[in-house]
Amino acid sequence: MDERQLRILRELGELGSVTAVAEALLVTPSAISQQLRLLQRSMPVPLTERHGRRLVLTDAGQALAGAAVEVETALARARHAVAEFVGRPDGDVSVAALHSAGAAFFPLLLRACAGPDAPALALADADVPQEDFPRLTREYDLVLAHRLDHAPPWPRTVTVTTLLREPLDVAMPAGHPLAAKRRVTPRDVADEPWITVHEGFPVLATVEAIAAAAGRRLRLAHRINEFTVVADVVAAGGGIALMPRWTMRPHPALVLRPLSGVQARRHIDALCRPERTARTAVRTVLTELRRAARTIQARDAETSVPDTPDA
């Protein structure tokens, strides 16, 4: 067995097909199959099996794929040992983020990494369904992703650093009748037209929870993922929406009201492959992201709506 074969087995477990692995590694499917056969020859038990037309990992294959993560991490640390020894903090670090997190974190991160010995940042936006964020760690050193508080955890194939546990508030025009309340309930908002995200994106599950708590179906008037666009549509009278409390810039025509009776909070997490943190520059950026998260939360503390019940 060698490093390449272990990498292929790991990618097969994550991507789910030989074709997808071949595309990710820029080789032919036949080359992937050949390496899997060579790896199998050195193993006393089957590593893969057929499920219909798909090739999947057996329990033994999954165990070896998990060990492959440790092997890649150890090899990555070895490759970066010289750079660590000489203290190279100025390596390239790529960071992808969902739009609202990028808007909040990227400016702070760029200012923090502006010095001559700081990491060289390459920033990108990423608007993908929640389940696709871990796959982005193949392309980027760090990925800023979000998931709802009660959603399943990220897969163990990635390292997770939680930056924010951010409340989701109900956004409405400043002149809306509900704006006079300090908090709103699912029944308060059940008859309003809603602006929400497309299928597969985390905020939708909270909107569905509001409908369940109110005991009626909500009218989903508009499907818009980008929160800055949502804010303008809410301000124009298009409906109400769930908005993040800290990572969105305040809109002069809107008010945010906390929601009672439904768990409405999301995690902003930094995801990465474990071996990436062997690099000093990546660890430096993670430190700056944690510092930026504290700044974001503190910056909006005075203007945020208190998350306490009505008196």
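Helix H1 and helix H4 (residues 59–79) pack at an angle of about 125 degrees, with their axes 8 Å apart; here axes are lines fitted to C-alpha atoms, for helices over the stretch in contact, and angles run from 0 to 180 degrees between N-to-C directions. This is a predicted model, in which local features need pLDDT of at least 70 and side-chain atom pairs count only at pLDDT 80 or more, while totals for chains, interfaces and linings use all residues. Residues are numbered from 1 along each chain as its sequence is written, and side-chain values use heavy atoms, with hydrogens and water left out.

H1 and H4 are therefore oblique to each other, given that angles under 35 degrees count as roughly parallel, over 145 as roughly antiparallel, 65 to 115 as roughly perpendicular and the rest as oblique. Their crossing is left-handed, a term used if the near helix is turned anticlockwise from the far one by less than a right angle, with right-handed used if clockwise. On the H1 side, Glu 3, Leu 6, Arg 7, Leu 9 and Arg 10 take part, and they meet Gly 61, Leu 64, Ala 65, Ala 68, Val 69, Val 71, Glu 72, Leu 75 and Arg 79 of H4, where contact means heavy atoms within 4.5 Å. The residues of this contact divide into 8 nonpolar, 1 polar and 5 charged; Ala, Val, Leu, Ile, Met, Phe, Trp, Tyr, Cys and Pro count as nonpolar, Asp, Glu, Lys and Arg as charged, and the others, Gly among them, as polar.

H1 also packs against helix H3 (residues 29–41), with axes that come within 9 Å and cross at roughly 110 degrees. That makes H1 roughly perpendicular to H3, and H1 passes H3 in a left-handed crossing. Arg 4, Gln 5, Ile 8, Leu 9 and Leu 12 of H1 make this contact with Ile 32, Gln 35, Leu 36, Leu 38 and Leu 39 of H3, and by class the contact has 7 nonpolar, 2 polar and 1 charged residues.

A further partner of H1 (residues 3–15) is helix H2 (residues 18–25), and the axes of these two come within 9 Å and cross at roughly 120 degrees. H1 and H2 are therefore oblique to each other, and H1 passes H2 in a right-handed crossing. In this contact, Arg 7, Ile 8, Glu 11, Leu 12 and Leu 15 of H1 meet Val 18, Ala 20, Val 21, Ala 24 and Leu 25 of H2, and the residues divide into 8 nonpolar, no polar and 2 charged.

Leu 26 lies in the loop between H2 and H3 and has a positive phi of about 60 degrees although it is not a glycine. Most residues other than glycine have a negative phi. Leu 26 is exposed, with a relative accessible area of 77%; buried means under 20% relative accessible area, exposed over 50%, and partly exposed in between (1.4 Å probe, protein chains only).

Across the chain, the secondary structure comes to 11 helices and 11 strands, counted as DSSP runs (helices H or I, at least four residues; strands E, at least two) and numbered from the N terminus. Of the 311 residues, 50% count as buried. Residues 24 or more positions apart account for 74% of the contacts with a separation of 6 or more.

The largest nonpolar core has 40 residues, and those with the most contacts inside it are Val 95, Phe 105, Phe 133, Leu 142, Leu 144 and Leu 289; such a core is a set of buried Ala, Val, Leu, Ile, Met, Phe, Trp, Tyr and Cys residues joined through side-chain atoms within 4.5 Å. Among the elements that each supply at least two residues of this core are strand S3 (92–97), helix H6 (99–112), strand S5 (142–148) and helix H11 (280–299), and H11 gives the most, with 8 residues. Leaving aside its neighbours within four places in sequence, Leu 142 is in contact with residues including Val 93, Val 95, Leu 271, Val 285 and Leu 289. A second, separate core of 37 residues includes Val 170, Met 172, Leu 178 and Phe 201.

Two loop residues complete the tour. Ala 179, in the loop between S6 and helix H8 (186–189), counts as buried at 11% relative accessibility. Not counting residues up to four places away in sequence, Ala 179 touches Met 172, Pro 173, Ala 174, Val 255 and Arg 257. Gln 130, in the loop between strand S4 (120–125) and H7, counts as buried at 17% relative accessibility.
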